[in-house]
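This report describes a protein model together with its ligand. The sequence and structure come first, and the notes follow.

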Amino acid sequence: MSSRRTYYGSSVESAVAQARQELGEETLLVETGLNTGGNRHLGPYAVTVETDAVFPEPVPESPFTMDVPSPEQSIGGLKALESEVGRLSVLVRSLAAHLPTFSYVPELQTAAAQLEASGLPQALVSEVLERVERRLNLRQSPVQAGDAQIRRGIASELESMLAVSPDPRASDGTRRLIALVGPPGAGKTTTLAKLAMRYGVSSRAPSVILSTDCYRVAAADQMRAYAAILGLPFVLAETPGSLSRLLAEHRHKEVVLIDTPGCGPNDQECFEEWSLAFAAHPEIEIQLVLPAIARYEDLMHAWRRWSQFHPVKLVFTHIDATRFHGGWLGFAASTGVPVSSLSFGQRVPEDLEMASKPLLMQMLFGGAARAASA
Ligand SMILES: Nc1nc2c(ncn2[C@@H]2O[C@H](COP(=O)(O)OP(=O)(O)OP(=O)(O)O)[C@@H](O)[C@H]2O)c(=O)[nH]1
Ligand SMILES: [Mg+2]
C-alpha cells in the first residue's frame, strides 16, 4: 500500500533531492509549495511524495534530545572528565586543608594563618597549635594569652620537633668524612668549599677534597678550582669502584670532604652505582643538600629519592632566596633528620652558618622570635 510523505528544504529542488535520496529515483511527486506548518525550522519549502515504502511510527521529538557520541568522542570526553575531576579534587583538598583553621581558638588564628603562609604544612601547623593550646590552656583559661607568649609556645613546640647537629661526626675518634649529596644545582659544591674552609683550612687538619663528579664535561673543575684556592689537595674518583681505593690512599687525612654529582631523575644508573659505593663506607657522614626555595612536597619527593644514600643530616641552601621558611623547616621536622648547616649565599666561606635551634626559629619568625625563644 502506498503512502504519502512530506520533505522540507531551503528550495523545492533540495526537498525533492532529499526525498529521492531516501526513497529512490522513481518517487512520485504529488505536491509542492511553501511550508506553512508548525515545522518551518525544517525549511521554507515542502514537497509531498507518494511511496510504497513502509515507515515506522514517528517518534515524537523529545525536548531533551541528546547526541550519542562516537567511541572516539566518548574516550575524549572521559579524559576531559577525568582531568576535571583531578582538578576539582586538588581544589577540594586545598580548601579542606584550610578548614581546620576555623576551629582554632581566636588567640591562635593569626598565628595559624602566618604559619601556613610560611609554607609549614597544614598538618604540622595543627599539631603545633593544638599542643600550644593545651600547654597554655587556651580553651579554659579566661585570661587571654599575649602574642609573645603564643610565639614562645610555638617556638618551643617546633624546637622539640626539630633536631640540629652542626658538628660532623668523628669516626675513629678524630677523622671526619663528609659527603654532600643532593639534586642538581642544590649547592653541593659551593657548600663543600665552605666546609673545607671551616674544617680543613681553619683547623689546619690534614685534609683532602675528593670529587666523584665525573659525569658531565669539566664538572669536577669547579671543585678542583676551589681546592686550589683553599690550598687543599684534590682527587677525582672517576668510578664508584675507585672510591674505596682513594679513601684507603688518604686514610691518614683527618678531614675528607666528598663532592658528588647532582644525578637527575634520568641518571638512575649513576644514582644506583654511587649509592652502593657509599653504602660500603659507613664512616662517611652523608649530608643531603636541598634548596630552601623548594616546596615542602618537593622536598619530600627529593627525600624519598635521596634516602637511598641514607643521609644522616640535612643542609639547606639558597636560604637567602626566600622569605618563606616553613616548607624546609616543616620538612626537617617531619623527617626528624638533624639540620647541620644553612647556606645564605654564594660567598665562600662567609655564607654558611652552622645550624642551631634559635637560628631555625629566627628564620621562621624573624629576630623577635629568636629573642623570644632564647
Ligand atoms: N643565592 C645562593 N646561591 C647559591 C647558594 N649555594 C649555592 N649557590 C649557587 O647555586 C649555583 C649552584 O651551586 P653548586 O654548588 O654548583 O650546586 P651543585 O649542587 O654542586 O650543582 P651540581 O653539581 O650541578 O649538581 C651556583 O651558582 C652557586 O653559586 C646559596 O645558598 N644561595
Ligand atoms: Mg657540583
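## Salt bridges

Lys-313 and Glu-285 meet through their side chains in a salt bridge, 3.0 Å from N to O; the term means a side-chain nitrogen of Lys or Arg within 4 Å of a carboxyl oxygen of Asp or Glu. Lys-313 belongs to strand S9 and Glu-285 to strand S8 (residues 285–291), so this pair ties together parts 28 residues apart in sequence. Helices (H or I, at least four residues) and strands (E, at least two) are DSSP runs, numbered from the N terminus. Both Lys-313 and Glu-285 are buried, where buried means under 20% relative accessible area, exposed over 50%, and partly exposed in between (1.4 Å probe, protein chains only).

The structure has eleven salt bridges. Another of them pairs Glu-157 with Arg-131, with the closest N and O atoms 3.2 Å apart. Glu-157 is in helix H5 and Arg-131 in helix H4, so the bridge links parts that are 26 residues apart in sequence. Glu-157 is buried at 8% relative accessible area, whereas Arg-131 is partly exposed at 28%. Glu-127, Arg-131, Arg-135 and Glu-157 are joined into one network by salt bridges that share partners.

## Basis of the model

The model is predicted: local features need pLDDT of at least 70, side-chain atom pairs count only at pLDDT 80 or more, and totals for chains, interfaces and linings use all residues. Residues are numbered from 1 along each chain as its sequence is written, chains are lettered from A and ligands numbered from 1 in the order in which they are written, and side-chain values use heavy atoms, with hydrogens and water left out.

## Ligand 1

Around ligand 1 there are 18 residues, of which Lys-188, Thr-189, Thr-190, Asp-320 and Ser-343 come nearest; a residue counts as near if one of its heavy atoms lies within 4 Å. Helix H6 (residues 188–201) gives the largest share of this shell, three residues.

Oxygen atoms of ligand 1 lie 3.0 Å from a polar backbone atom of Gly-185 and 3.1 Å from one of Ala-186. The protein covers 80% of the 650 Å² of accessible area that ligand 1 has on its own, by the Shrake-Rupley method with a 1.4 Å probe.

## Backbone

Most residues other than glycine have a negative phi, and most peptide bonds are trans. Val-348 and Pro-349 are joined by a cis peptide bond, with omega about 0 degrees. Pro-349 sits in the loop between strand S10 (339–343) and strand S11 (352–354).

Conventions. Polar contact = N/O pair within 3.5 Å; in protein donor to acceptor, adjacent residues only side chain to side chain.
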